[in-house]
Amino acid sequence: MDAIKKYIFVKVVHSKENNLKLKKKKYAVVLLCSAILGTFVNTVSALETSNPKSKISNLEELQSEENVSDKTSESSKDTVTPSEQNESPESDGDEGGTKQNKTDQTVSSDHQEKSNIEIDENDEQMNHKMGTYAKGYGLSDVSGRPMLRAEGVPTIYSNDKSLPSRDVVDIASWQSWMTQNDFNLLKQQGIKAICVKITEGTSYKNPYAANQIKMAKNAGLIVSVYHYSRFSSNAGAISEANFFAKTANELGLSKGTLMVNDAEDGDMQPKKVDLTITCNTFAEQLKNNGFKNVLHYASASWVGVGNVPLEYDKMGGINNFWIAQYDYAKPSSSNLKWRDKGGAWQYSSNMILAGGSKSEFLDVSIDYKGRFTGAIANTAMTYDSHVEGIGWQGYTTDNTIGGTTGSGKRLEAFRISYDSSLGSGGISYASSVKGQGWQNEVTTGNISGTIGQSKPLEALKIRLTGAVANKYDIYYRVHSSNIGWLGWAKNGEAAGTGNSDTKIEAYQVHIVPKGSIAPGATLNAYVDRTKIMITEESHVSTFGWQPKVFDAMQSGTTGQSKAVEAIKLGFTKATPVEGNISIQSHIAGVGWEQGWKTNGQQSGTTGQSKAIEAIRVQLTGKISEQYDIYYRVHSQNYGWLGWAKNGENAGTQGLSLRIEAYEIRVVEKGGDTPAGTNQSSFVKGEPVPAYSYTSHVQGIGWMPSVVNLGVSGTTGQSRRIEAIQINNPMLEYRTHLAEIGWTSWTSKNNQVSGTTGQSRSAQALSIRLKPQYIDKFDVYYRAHSASQGWLGWTKNGADAGTKGYNLQMEVYQIRILPKNSGLSPTLSTAFKAK
């Protein structure tokens, strides 16, 4: 509690219990000296010790108390705005933001425009924000509402990539200041979803909700909604659920939309109502109204097992909770709290939108289980997971994660429900249990696996049956211990491992229309450990050592500009043939390292910030007589290069380009070789200058810039590209515009080609190299046109797209390569004209 010794807000609230006849709520800010605060903190500790709730087994006790603050009063939080603090990311203190605020005498009020301390009681009662009455340190007034807000929760910024994943931002009418550009910025800076308050009680509606939802969708953000609950009986819970559902319908929200019960109001504490029962009633009534995707939001101190307001074991499991708790220290991606103790974690209420129209605070959360970011949920299928040390987690929806990752807990059983809303039929599934093998198939709602035997699942199979199987495919994948996520299996195929000592820790299931592409890679959905199996470990810049993966799986990262700095290759214990695997790396500033590194030895460096730029891999011994080893790398500015084999070079030399990821496959001699073995695996010569490009898209504005082979624009949304910009001094470009024709070639780097604000589509583009670069490089590009999809690749000034068909261009893609690199894409019909 050291952080609260610097700065504390005290809120004096109206209380019926103490019969104080206050006509208006008053707020005061008290700055206390260290000596007084020392006494105060001891008093708080004594109060907490004497509180019988201090012995409750709740989530707060499961979390380390160091540097953690429970969710606190947002009505006090909003007193000090970033503009009043006049702080920048650079000035944010190292001590977790405990600097004295510059507005010591500011009145704590949700109505900052008022110059006095009087508050309109109707407004306050009917327009609460998420977090208004979340319980603090256990010290509350006689009405059950918290009295203290501990300052020191640091200001953070939306473009800070060192934070935990910035998945979800929640907003209410208090964020009516946000413009379309603000929502676009959130999307560009990595936020994936918006949770909008639409209702409170049985009468209040957020008057800005419709426009906020519209702007969020325009920006490509996934929308969920929340209701600030005030019910104190089952009848009240039903009434509020009906009001919430009715408003959601009026706003045109899908029945799969995530609906959040914001359960935090002090009047809902257990001395007045059994909150577990009434919240279950609320959720059930939402489901009766067709909204089956329900999540509960609460402060950490309210959630647990036993005598706490919200008993998660009676509410569908901990994955049905969005936990709010803040750090005094700056949150970090390397310290992900509540990973297995909540579906999502709201880790700050002090995030500023970098570059936004106002420097106002926003709430931000990480979405552990995909409840917010898994798109609009398909609620026809739900699944429940029985996990070691946790028990049944509660049903979760299509394409979310069941089980746990990062905690080493085994999945012991699972069950799947199907409600026939996608068509008649059902779902069948089976599991392979350690020491028992494959069990018989069971059908919807039944348990597959074991309970009470401490036996992990090793593999599973799932399939649709009846008419629904003719219209949909079902994909699924598992997260296995010591491996991580395996590939996606479908329609009854096995997913997991066989003949191994691994266990399933988590899984994911997704139903898609028949013939749709897989949700991800399908290689190695099931791994038989009696076959040759390579183990791969990578040390990635700023991330450190990554989890071990196996052959045919990607190791490293793509799209994050991170270098692979060190690699360890080895065999699994079950490899049936004797021999060795060796690797040699070309290291930035060093060149080819001396000697080969064999069977788990480290190749490359750590702690020196030196990227690996190329690798060679070989097999030796008896294994090399029966198998070939293929490998390829994902190189900075080039993407995936071709496959090399048996000691050949893969990567680049002399270009100062990092390897970002790699894949390795072992193939029996004479067996099928990986696709792409005819492409160049190694590039040596003059480096391609860095470049980026963007597009101005209908209803969105300028998209985030992308780099080599990145896709700029949108697909599946029928949004036209209206203008483009390319940031590379070697290039000139032009666009063909509706009702205008071809623009002139650009004369400046990063010049806009096209129009903005005229609702005019670009239909084609051409890109060419300036004369002095023609002998060194080739520029390749292609366009995605409405109703045509992707057209072919073309290069060096040729046209791409359409002309005369009135078809808007929706996406384009660029790749620059050295002359004769051997990496050029196949050219085909890139332009259609009439």
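How many bridges join strand E43 to strand E44? Two, and the strands run antiparallel; the views below start from there.

This is a predicted model, where local features need pLDDT of at least 70, side-chain atom pairs count only at pLDDT 80 or more, and totals for chains, interfaces and linings use all residues. Residues are numbered from 1 along each chain as its sequence is written, and side-chain values use heavy atoms, with hydrogens and water left out.

View 1. E43 covers residues 627-635; helices (H or I, at least four residues) and strands (E, at least two) are DSSP runs, numbered from the N terminus. Nine of its nine residues are buried, with buried meaning under 20% relative accessible area, exposed over 50% and partly exposed in between (1.4 Å probe, protein chains only). In a regular strand the side chains alternate between the two faces of the sheet. Here Tyr-627, Ile-629, Tyr-631, Val-633 and Ser-635 sit on one side, Asp-628, Tyr-630, Arg-632 and His-634 on the other, and all are buried. Two strands count as paired if DSSP finds at least two bridges between them. E43 pairs with E47 (residues 659-668) in the antiparallel sense over nine bridges, and Tyr-630 has Arg-665 as its bridge partner there. In E44 (residues 639-640), Gly-639 is the bridge partner of Ser-635. Three residues separate E43 and E44 in their hairpin, and Asn-637 in the turn has a positive phi of about 70°.

**View 2. Helix H8 against helix H9.** The axes of H8 (residues 234-250) and H9 (residues 275-288) come within 8 Å and cross at roughly 35°; axes are lines fitted to C-alpha atoms, for helices over the stretch in contact, with angles running from 0 to 180 degrees between N-to-C directions. From H8, residues including Ala-237, Ile-238, Ala-241 and Phe-244 meet H9 residues, among them Ile-277, Phe-282 and Leu-286. Contact means heavy atoms within 4.5 Å.

**View 3. Helix H7 and its surroundings.** In H7 (residues 209-218), Ala-209, Gln-212, Ile-213, Met-215, Ala-216 and Asn-218 are buried. The buried residues pack against strand E6 (168-171), helix H6 (180-188), strand E7 (193-200) and strand E9 (222-228). After H7 comes Gly-220, with a positive phi near 85°.

**View 4. Ile-726 in the largest nonpolar core.** A nonpolar core is a set of buried Ala, Val, Leu, Ile, Met, Phe, Trp, Tyr and Cys residues joined through side-chain atoms within 4.5 Å. The largest one has 58 residues, and Ile-726 is one of those with the most contacts inside it. Beyond its neighbours within four places in sequence, Ile-726 touches residues including Leu-731, Tyr-733, Ile-767 and Ile-814.

**View 5. A five-stranded open sheet.** The strand order is E55-E54-E57-E61-E63, with mixed pairing. Strands E55 (741-742) and E63 (831-833) stand at the edges, each with a single partner strand, so one side of each is left without a neighbour in the sheet. E54 (residues 731-737) runs antiparallel to E55, joined by two bridges, and Leu-737 has Gly-741 as its bridge partner.

**View 6. Leu-569 in strand E37.** Leu-569 lies in E37 (residues 564-571) and counts as buried because its relative accessibility is 3%. Ile-534 is 35 residues away in sequence, yet 6.9 Å away in space, C-alpha to C-alpha.
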